[in-house]
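Okay, thanks for coming, everyone.

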Amino acid sequence: MKVSLREIGEVKTTIEFEIPAERFPVLREMALRGEVAFPGTIASRLTLQRVSDLIEVEGTISCTARLSCARCLAEFDLPIATAVRLAYTRALPEAQAPGDAEAVDPEVLDLLPFSGEEIDLTEGVQEEIVLALPLRALCREDCRGLCPRCGADWNRGPCTCPQQEQAGPFAALRNLKIGAP
Ligand SMILES: [Zn+2]
Ligand SMILES: [Zn+2]
């Protein structure tokens, strides 16, 4: 996702990308670990603009994440659409960086460094996608999960295990009070 500085001026330029997830190192890693798959492409529409020393990038990223439900383990596709705002600043030459108390630390200001005559949006974009993924993926908000005893998928209906175990987490508390099971 490299953009030549020549294409970026003080007037906004809009660039659209549609790139397979394998081209993003962090997303590829996550897919290899089986945490998530990205069946389609990563689509983004970004507006770039030079604002004094900064290159400001704004826009949207969308893709489909294939996740496993934390409760019922079923695979499901989650559409992801997230807004991005990134700012790039030219990396300081090595000689200037250390020991200079006045130097602006790009990390602190949340600025992404670039060097040379192009900026690479790959890292900034993949980070936004990772942040947009749910911490605990659920196939649906009210997923009933699996029966801890027989493994039946309670979304498909109750199993034949004793009723009180199927009434949800509070049933267990009630059981504790009366000393059962
Ligand atoms: Zn589920
Ligand atoms: Zn059961």
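By salt bridge I mean a side-chain nitrogen of Lys or Arg within 4 Å of a carboxyl oxygen of Asp or Glu.

Before I go on, the housekeeping: this is a predicted model, local features need pLDDT of at least 70, side-chain atom pairs count only at pLDDT 80 or more, and totals for chains, interfaces and linings use all residues. Residues are numbered from 1 along each chain as its sequence is written, chains are lettered from A and ligands numbered from 1 in the order in which they are written, and side-chain values use heavy atoms, with hydrogens and water left out.

Between Arg 33 and Glu 35, the closest N and O atoms are 2.6 Å apart, and for Glu 29 with Arg 33 the figure is 3.6 Å. How open are these residues? I'm calling a residue buried under 20% relative accessible area, exposed over 50%, and partly exposed in between, with a 1.4 Å probe and protein chains only. Arg 33 has 51% relative accessibility, so it counts as exposed. Glu 29 is partly exposed because it sits at 42%, and Glu 35 is partly exposed too, at 40%.

The salt bridge count comes to 7. Another one to look at joins Asp 142 and Arg 140, at 2.8 Å from N to O. Here Asp 142 is exposed, with 51%, while Arg 140 is partly exposed, with 39%.

Which residues form the negative surface patch? They're Asp 110, Glu 118, Asp 120, Glu 123 and Glu 127. The elements giving two or more residues to this patch are strand E7 (118–120) and helix H2 (122–132). Patch residues have over 30% relative accessible area and no salt bridge, with like charges joined within 9 Å and nonpolar side chains (Val, Leu, Ile, Met, Phe, Trp, Tyr) within 5 Å. The areas are Shrake-Rupley with a 1.4 Å probe, and for residues only the protein chains shown count as cover. Lys and Arg count as positive, Asp and Glu as negative, and His and the chain ends aren't counted. Each charge is placed at NZ of Lys, CZ of Arg, CG of Asp or CD of Glu. Helices (H or I, at least four residues) and strands (E, at least two) are DSSP runs numbered from the N terminus. Take Glu 123, which is found in helix H2: its 60% relative accessibility makes it exposed.

On to the backbone. Ser 52 isn't a glycine, yet its phi is positive, about 45°. You'll find Ser 52 in the loop between strand E3 (41–51) and strand E4 (54–68), and it's exposed at 67%. Leu 73 also isn't glycine, and its phi is positive, near 70°. Leu 73 lies in the loop between E4 and strand E5 (75–90), and it counts as exposed, at 58%.

Last item, cysteines. How many disulfides does the structure hold? The count is 0, where a disulfide is a pair of cysteine sulfur atoms within 2.5 Å. Cys 159 is buried at 13%, whereas Cys 150 is partly exposed at 44%.
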